[in-house]
Amino acid sequence: MAALLADAEAHGAVLALNTRLVGGLLEQAPLTTGAESSPTPYKVLELHSQVLRGKGANFAAGSASEGIAESNVPVEVSRLRTRWVVNAAGLYAMQVASSMSGLPRSSIPRLHLAKGNYFSLSISSPFSRLIYPMPERGLAGLGTHLTLDLAGGARFGPDVEWLPGPGSSPEAPVEVDYQVDPNRAHSFYPAIRRYYPDLPDGALQPAYSGVRPKLSGPGQAPVDFLVQGPRNGHGLRGWVNLYGIESPGLTSSLALAEYVCDVLQSS
């Protein structure tokens, strides 16, 4: 991440942390095709943001966070006018989109929060490679797989724990408790023993958790990433939403970036 940031900054990018996106205005501009296409005029995108003082992670268009601490107070309000915006705010992508005046609310999909808990192995790991079990039909994830850290320690997960989401209101706050319930280990043992039958009782301990911004809920068919541009969702030139970018999104982030550039330049 540090190397990618250095490359971006070498090309003129600026990373603005502790900045809360308040909202924005999207001016209408018709889509054109073929010979009518022109790089100008582009629609005007105006973003309003607040620079905050205090500790706590905050969100801006293009970054995920864990929320805004109450001690944070705005110390500066700024406006940015641009012709291109990519909304890649992870769990908060729907909330960011809903703050834009001019973006059709009907184009914002519903967010489903799937928490994934991990447990670590408290004894020496007998594995030297990652293990991914065969996916089972009907599962919302890839199953309980094994990952190794740089020290050789083993972690198992994630499971799927559905959390209450914001429902059909994309502007509703997203609240997540990242604590791992030790009692969830009971469902891990049988899943792990399918490929590690010698796993002793009591060998698992809570590690960490993450939350996936899914576009499908319990009992629904899995839905892939949604890169929503003007031609496949909202009809607004210069604006791209990235919805439902869960775990594999980091692995495929560079490919996603290339695809987003193609969407912007062709709209």
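Student: How many aromatic pairs does the structure hold?

Tutor: There are 3 aromatic pairs. Rings of Phe, Tyr and Trp (its six-membered ring) pair if their centres lie within 6.5 Å; planes under 30 degrees apart count as stacked, over 60 as edge-to-face, and the rest as tilted. One of the pairs is Phe127 with Tyr196: the ring centres are 5.1 Å apart and the planes at 85 degrees, so we call it edge-to-face. Before we go on, this is a predicted model: local features need pLDDT of at least 70, side-chain atom pairs count only at pLDDT 80 or more, and totals for chains, interfaces and linings use all residues. Residues are numbered from 1 along each chain as its sequence is written, and side-chain values use heavy atoms, with hydrogens and water left out.

Student: Are Phe127 and Tyr196 buried or exposed?

Tutor: Buried means under 20% relative accessible area, exposed over 50%, and partly exposed in between (1.4 Å probe, protein chains only). Phe127 and Tyr196 are both buried.

Student: What about Leu47, buried or exposed?

Tutor: Leu47 is buried too, with a relative accessible area of 10%. Contact means heavy atoms within 4.5 Å. Leaving aside neighbours within four places in sequence, Leu47 is in contact with several residues, including Leu21, Val85 and Trp239.

Student: Which residues does a cis peptide bond join?

Tutor: Most residues other than glycine have a negative phi, and most peptide bonds are trans. Here, Gly157 and Pro158 are joined by a cis peptide bond, with omega about -5 degrees.

Student: And what is phi of Asn18 near?

Tutor: Near 50 degrees, which is a positive value in a residue other than glycine. Asn18 is partly exposed, at 34% relative accessible area.
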